[in-house]
Amino acid sequence: MTPEQRFKCMSHNRAKNTGPELSLRHSLWSRGFRYRVNDKCLPGRPDIVLPKYRTVIFMHGCFWHGHKDCKYYTVPKTNTDFWKAKVARNQERDQEVWRKLEAKGWSVIIVWECELKKAKLEETIERVVGAIVRNGEAYRAVQEERKIAREKYRRERRERKEREQSLLKEVKFL
């Protein structure tokens, strides 16, 4: 390809609402999952955010994110050093974003572009749905534990306050 042809080809790659992303979103929606798209409030602006399940999904293009052992990831024969460095930067940024999200209590699911081809689409969707459900159950369990801990803390605080008041009454009577 000439530089002009390559520029035109690369400039047509979209970051949002790609075909594979839309197929996954439609499948999740038809299964009853409700989500937000490209939430600006979260690190990395995840492609799909499921707040009820405390889960985010990133759709990664095999070429742009360096999917190992994938036929869709090949390093271009021209300007090889640039492309290797670019993919390496993308991978480092991805891992940093995942760490930030996990530190905030979000579960991260990665779906590769090649997993959404017709041959693997249903299998991938079942994997993603299973992971979402597991994440939701774990999130609800943690929320329940926190609720119990808060109730225990409030009860102990109330009992302590009652003891202090009864001691004050006893001291006033003496």
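Entry 1: I started with L50, which touches F33, R34, Y35, T55, I57, W106 and I132, leaving out residues up to four places away in sequence. For me, contact means heavy atoms within 4.5 Å.

**Entry 2: ground rules.** This is a predicted model, so I kept local features to pLDDT of at least 70 and side-chain atom pairs to pLDDT 80 or more, while totals for chains, interfaces and linings use all residues. Residues are numbered from 1 along each chain as its sequence is written, and side-chain values use heavy atoms, with hydrogens and water left out.

**Entry 3: the cores.** I looked up the largest nonpolar core next and found 18 residues, with L24, L28, L50, I57, V111 and I132 having the most contacts inside it. The elements that give two or more residues to this core are helix 2 (19-30), strand 2 (48-50), strand 3 (55-60), strand 4 (107-112) and helix 5 (121-173). Helix 5 gives the most, six residues. I also noted a second, separate core of 12 residues, including V49, V56, I110 and C114.
My terms: a nonpolar core is a set of buried Ala, Val, Leu, Ile, Met, Phe, Trp, Tyr and Cys residues joined through side-chain atoms within 4.5 Å. Buried is under 20% relative accessible area, exposed is over 50%, and partly exposed is in between (1.4 Å probe, protein chains only).

**Entry 4: the whole chain.** I listed five helices and four strands, in the order α-α-β-β-β-α-α-β-α from the N terminus. Helices (H or I, at least four residues) and strands (E, at least two) are DSSP runs, numbered from the N terminus.
Of the 174 residues, 31% count as buried.

**Entry 5: W106.** I placed W106 in the loop between helix 4 (80-103) and strand 4. Why does W106 count as buried? Because its relative accessibility is 9%. Neighbours within four places in sequence aside, W106 is in contact with L42, V49, L50, P51, R54, T55, V56 and L101. I also checked G66, which is 40 residues from W106 in sequence and 24 Å from it in space, C-alpha to C-alpha.

**Entry 6: R25.** With neighbours within four places in sequence set aside, the contacts of R25 are N17, Y35, V37 and I48.

**Entry 7: two positive phi angles.** R45 is not a glycine, yet has a positive phi of about 45°. I found R45 in the loop between strand 1 (36-37) and strand 2, partly exposed with a relative accessible area of 36%. D69, also not a glycine, has a positive phi of about 55°. D69 sits in the loop between helix 3 (62-65) and helix 4 and counts as exposed, at 86% relative accessibility.
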